[in-house]
Amino acid sequence: MSEKFVAAIDQGTTSTRCMIFNHSGESVGIHQLEHEQIFPQPGWVEHDPMEIWERTQDVIKAAMKNAGITVADLVAVGITNQRETTVVWDKTTGKPLYNAIVWQDTRTDKICKELEGSVGQNRFRDKVGLPLATYFSGPKVRWILDNVPEAKAAAEAGNAVFGNIDTWVIWNLTGGPNGGAHVTDVTNASRTMLMNLDGLNWSKTIADTMGVPLSMLPEIKPSSAVYGYTKADGPFGGEIPVSGDLGDQQAATVGQACFDVGEAKNTYGTGCFMILNTGTDIVQSKNGLLTTVCYKFGDQPAVYALEGSIAITGALIQWLRDNLNFYDYSHHVEDYAKSVDDNGGVYFVPAFSGLFAPYWRSDARGAIVGLTRFVNKGHIARAALEATAYQTREVLDAMNADSGVDLKALKVDGGMVYNDTLMQFQADVLDVPVIRPKVAETTALGAAYAAGLAVGFWSNTDEMRANWGMDHEWGPTAGSKASTDLYKTWKKAVTRTFDWVE
């Protein structure tokens, strides 16, 4: 029998990629395209769902061409996606009723404050594991229904449907208006503020309180199951099972083979996201973390996790490139950072979308502190990189406090893990080894694993774990003050961003 493969669509915040994997978890073909970031006004971030669907089709065709395969060589396709980014569309026409509202967007702040009432930010936390925050999907749906007359009319007529980007892509892949599957998986559903963690079902009470009709919501499915089949006239050029769906951070956890309780990974992308596997136990955080679903494979029990979400990490490097023209390419930030010995006393707190874990301060905004005439471009570039490491340390401290387990090492993945300066500083700030796997694009790999598991391409998690291998390890530098004095000053800098928005 000729070799078979699994395709993974990784629809991220700034780009969409398709990767083709073999049974050993190796990539044999890839293509990636960026899409437009739309900023209608301060605090608002949008994407064009039609552009995302077009990019998705383009990268599928190119990745298959690059791999030298046809649809006959594929056994399944998995989806992974930027979570919480919200699309509302008309199921009869297939057209979005508004741009996708991105997870970074802060326009729902007033809605969240209104929902808090006299109870506060944790009103729904015991049910959904999340604080009331602009980050999550539910309030975004409410904003669209309140502010887009066409969407409200379509909802009243029963034609408006909602989904995170996974739902939008799967619906289009499986037929769109012509019988497309309107589904999501438990990991994406757990990011809406509308799903009961305990029962893995939509909460009518919370949906009613939030003003979101249950009729708009997709059917909740396992992360590994056959949802439908691609169409002959679609980008794959034939029928294959669409059988994996994981939010991007959960997908990276699966791709890193963190299947045991206590195993953790950190993904360095647009934002940073650390996930700790807590097994079948729902652990409510007392230290500003999120309780979320990690994955659910078929009929097996759901596995849960604690998550620390940081809004702006790689996006800060992109912001220096695009908004301030600091450099032509993002990887140049390391050259500038290496041109100086330290940060020159500068700390850059990128609270562009407020502060996520462990603070959850939507009133915060970005700040550069400690400026003197001595400071140059190199110091600011270094401070921008260091911000990622410090924010990760804050999340790790919260994770240690919640779990009662001190992490021995941190598995890392994502685009920024090829920045040696950042990874070394991360090890110094955490005072534990930082380990990069051979396949650093674990988000797409995790989606492929979920899809392949559903159709028997991989028989169990042991086969996936056997594919994992270490590429590089950074150990803490002896005598470094990164985890002590420098980190203490960072904590001081963070307080300067509070209460900016009144």
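Reader: What should I know before I start?

Author: The model is predicted, so local features need pLDDT of at least 70 and side-chain atom pairs count only at pLDDT 80 or more, while totals for chains, interfaces and linings use all residues. Residues are numbered from 1 along each chain as its sequence is written, and side-chain values use heavy atoms, with hydrogens and water left out.

Reader: How are two packed helices described?

Author: By the angle between their axes and the distance between the axes. Here, H4 (residues 137-147) and H5 (residues 149-156) pack at about 100 degrees, with axes 5 Å apart. That makes H4 roughly perpendicular to H5 (the word covers 65 to 115 degrees). Helices are DSSP runs of H or I, at least four residues, and strands are runs of E, at least two.

Reader: Which residues of H4 and H5 make the contact?

Author: Ile144, Leu145 and Asn147 come from H4, and Pro149, Ala151, Lys152 and Ala155 from H5. Contact means heavy atoms within 4.5 Å. By class, there are 5 nonpolar, 1 polar and 1 charged residues.

Reader: And how is a pair of aromatic rings described?

Author: By the distance of the centres and the angle of the planes. Rings of Phe, Tyr and Trp (its six-membered ring) pair if their centres lie within 6.5 Å; planes under 30 degrees apart are stacked, over 60 edge-to-face and the rest tilted. A search of the whole structure finds 27 aromatic pairs. Take Trp44 and Trp143: they are edge-to-face, 5.3 Å centre to centre, with 85 degrees between the planes.

Reader: Where do Trp44 and Trp143 lie?

Author: Trp44 is in the loop between strands S3 and S4, and Trp143 is in helix H4, so the pair ties together parts 99 residues apart in sequence.

Reader: Are Trp44 and Trp143 buried or exposed?

Author: Trp44 is buried, with a relative accessible area of 17%, and Trp143 is buried at 11%. Buried means under 20% (1.4 Å probe, protein chains only).

Reader: What lies over the face of Trp44?

Author: Arg107 does, at 3.7 Å from the ring centre. A charge sits over a ring if NZ of Lys or CZ of Arg is within 6 Å of the ring centre and within 35 degrees of the ring normal. Likewise, the charged end of Arg361 sits over the ring of Phe498, 4.2 Å from its centre.

Reader: Which residues form one aromatic cluster?

Author: Look for Trp103, Tyr135, Phe136, Phe273, Phe356 and Trp360.

Note on methods: Axes are lines fitted to C-alpha atoms, for helices over the stretch in contact, and angles run from 0 to 180 degrees between N-to-C directions. Angles under 35 degrees count as roughly parallel, over 145 as roughly antiparallel, 65 to 115 as roughly perpendicular and the rest as oblique. Ala, Val, Leu, Ile, Met, Phe, Trp, Tyr, Cys and Pro count as nonpolar, Asp, Glu, Lys and Arg as charged, and the others, Gly among them, as polar. Buried means under 20% relative accessible area, exposed over 50%, partly exposed in between (1.4 Å probe, protein chains only).
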